[in-house]
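Here are my notes on the model, point by point. Have the coordinates open while you read.

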Amino acid sequence: MDKRNPKNYKLLIKQKDDIAKNTIKLYKTGKFKTTEEFTLEEKLKEGEKLIGEIGGRNSWTNELFMYDILDYNLKDVKIPTLKGLLDGIYNSNSDYIYVPIIKYISKNIEPWNKEEKLEDLEWLIKNNREIFYKLLKDRIDKKRSISTVNNDIKMLARIMKITFGTDNELYMKYSILQTDLNRVLIERETGKNELNDNKKEKYIDWLNILSVRESLEDEFRRLLKEKGKIDVETKKRHYQMLLLSAYTLTSPTRLEVMTTVFTKEKKYDDQDYVYIPENGLVWYILNKKKKGKEGIEYEVGYNKESGEKLTELFRESLELYPRYNVFPVMSNWNRKARTTTVSKYLKEILNERKLTQTMIRTSYNSWRHNLGINYNLLKDDAIRQRNSVETQLKDYRKLDKKVGIEKVEIGKIKIIERKENKDYFKGYYEKKRIDINEKRREKWKDNNLMMNLKKNIRRYNNGLIPNKKTIEKYKLYKDDNGLWISRLELN
């Protein structure tokens, strides 16, 4: 279904009341400013061709914001509450960010200004179109940024999703309005998806990442031939090569593949698996929920060649080094490694730049989008990565196609030696014991303070009210969205 075209909706009807007339007027004449003044109509008409690149027309130029359902029957749905958003009971621990927006609407935008109406959000659901208009007018009148409007629409989409689910037309309407606004304006006008100078220095182009993987495999095969499979350096090269291959020869996961175990039969429990069948491609069976997404299973590879190559590497690895954990502790292949440990191994592959799973996902999605592949393939990537095409557009894809084309110096990948002279360290500690212990105590105090601070700020933003002594101790204050922040964190 093309969600950008109102003709494809069964329940949404174009409205012609005063709210609709006032909204279209704001769309055509209301002024925002980034580097220049503009109206939504001007920018979104310019973005029609851009939106079309991923297989849909522009929801804004189709005036989808003027559409609404006629009958709000809420008898069989569970209405979300502010407390539920704060407590994170709707399969997300970040819903609390929408509470300040809802409170702002209740206190500043008529006729929803009575506190007793706050708890149950039925008022927001039934009046969503009028709230959309009045929020848009408020943001324009008070010269707020276009990013603020983007967050307003995200809030409306989230409330509709919690209430009705993802197949509901009200949710689909706000979701696609927010996606299109983000792609045309937020990304390009505010620079959200452009790499700043610092990120440009760290970014590695996808083809260079693939080149790193190939070099690791070449090095491993040379060591295997010259020194044998038991050699420490051979095993480390193999580990690095397989780890990077697991992220680059298929659509890259988050951290879950780092704690997978091998299996030769499909299993569905609380463990994630690399399933190696007798014949055919290897599967990832990811049973654990991630980011509110249910478990998923699929054959590896983003094309025939990559799937066959990764399958070959997994089979070879298990034959060379029989084990339970796919990525164990490198110094003891019988021990399970934590994700932090495996992430550290990934970062150590290059000396001058750090490879992370986020970097790999960003580079991969940028590469796929810049290739101009069709929407169905983007959707397939999104399903495997357990996000959405919209998330890839907003958070992972980088617009600068020229970044990262310089070749990474593969020759600088080195085994990081850890030389320890126990007698030397023991003597040093005896001489400096008092100073070392004092520094440890001071460091513990600082770390303990910051750990408590972060934990308490989460509690305060979930409804707990700090007292005056606490506010002074942690130097707390509220930001523009009504969330508690500490000046200690900013120092």
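1. The second largest cavity holds about 30 Å³ of space. By cavity I mean a set of points, on a 1 Å grid over the protein atoms alone, where a 1.4 Å probe fits but cannot get out; lining residues have an atom within 4 Å of a point. Points are joined across faces, edges and corners, and the volume is the space filled by probe spheres set on them. Its lining consists of Met258, Thr259, Thr260, Asn325, Val326, Phe327, Lys336 and Ala337. By class that gives four nonpolar, three polar and one charged residues, where Ala, Val, Leu, Ile, Met, Phe, Trp, Tyr, Cys and Pro count as nonpolar, Asp, Glu, Lys and Arg as charged, and the others, Gly among them, as polar.

2. Before going on, a word on the source: this is a predicted model, where local features need pLDDT of at least 70 and side-chain atom pairs count only at pLDDT 80 or more, while totals for chains, interfaces and linings use all residues. Residues are numbered from 1 along each chain as its sequence is written, and side-chain values use heavy atoms, with hydrogens and water left out.

3. (Helices, H or I, are DSSP runs of at least four residues and strands, E, of at least two, numbered from the N terminus.) The class tally for the largest cavity is six nonpolar, no polar and one charged residues.

4. On to the rings: there are 16 aromatic pairs, meaning Phe, Tyr or Trp rings (the six-membered one for Trp) with centres within 6.5 Å; planes under 30 degrees apart are stacked, over 60 edge-to-face, and the rest tilted. Tyrosine 27 and tryptophan 60 make a stacked pair, 6.2 Å centre to centre with 20° between the planes. Tyrosine 27 is in helix H1 (residues 18-29) and tryptophan 60 in the loop between helix H3 (48-52) and strand E4 (67-68), so the pair ties together parts 33 residues apart in sequence. Tyrosine 27 is buried at 3% relative accessibility, and tryptophan 60 is buried at 1%; buried is under 20% relative accessible area, exposed over 50%, partly exposed in between (1.4 Å probe, protein chains only). Tyr27, Trp60, Phe65, Phe132 and Tyr174 form one aromatic cluster.

5. Threonine 39, in strand E3 (residues 37-39), is buried too, with a relative accessible area of 3%. Leaving aside residues up to four places away in sequence, threonine 39 touches Tyr27, Lys28, Thr29, Gly30 and Lys31, contact being heavy atoms within 4.5 Å.

6. Two charges over rings deserve a look. Lysine 266 lies over the face of tryptophan 283, 3.6 Å from the ring centre, and the charged end of arginine 487 sits over the ring of tyrosine 477, 4.3 Å from its centre. The rule asks for NZ of Lys or CZ of Arg within 6 Å of the ring centre and within 35 degrees of the ring normal.

7. Is tyrosine 268 buried or exposed? At 53% relative accessibility, tyrosine 268 counts as exposed. Tyrosine 268 is in the loop between strand E5 (261-263) and strand E6 (273-275).

Technical notes: On a 1 Å grid over the protein atoms alone, a cavity is a set of points where a 1.4 Å probe fits but cannot get out, and a pocket is an open set with protein on both sides within 12 Å along at least five of seven lines; lining residues have an atom within 4 Å of a point.
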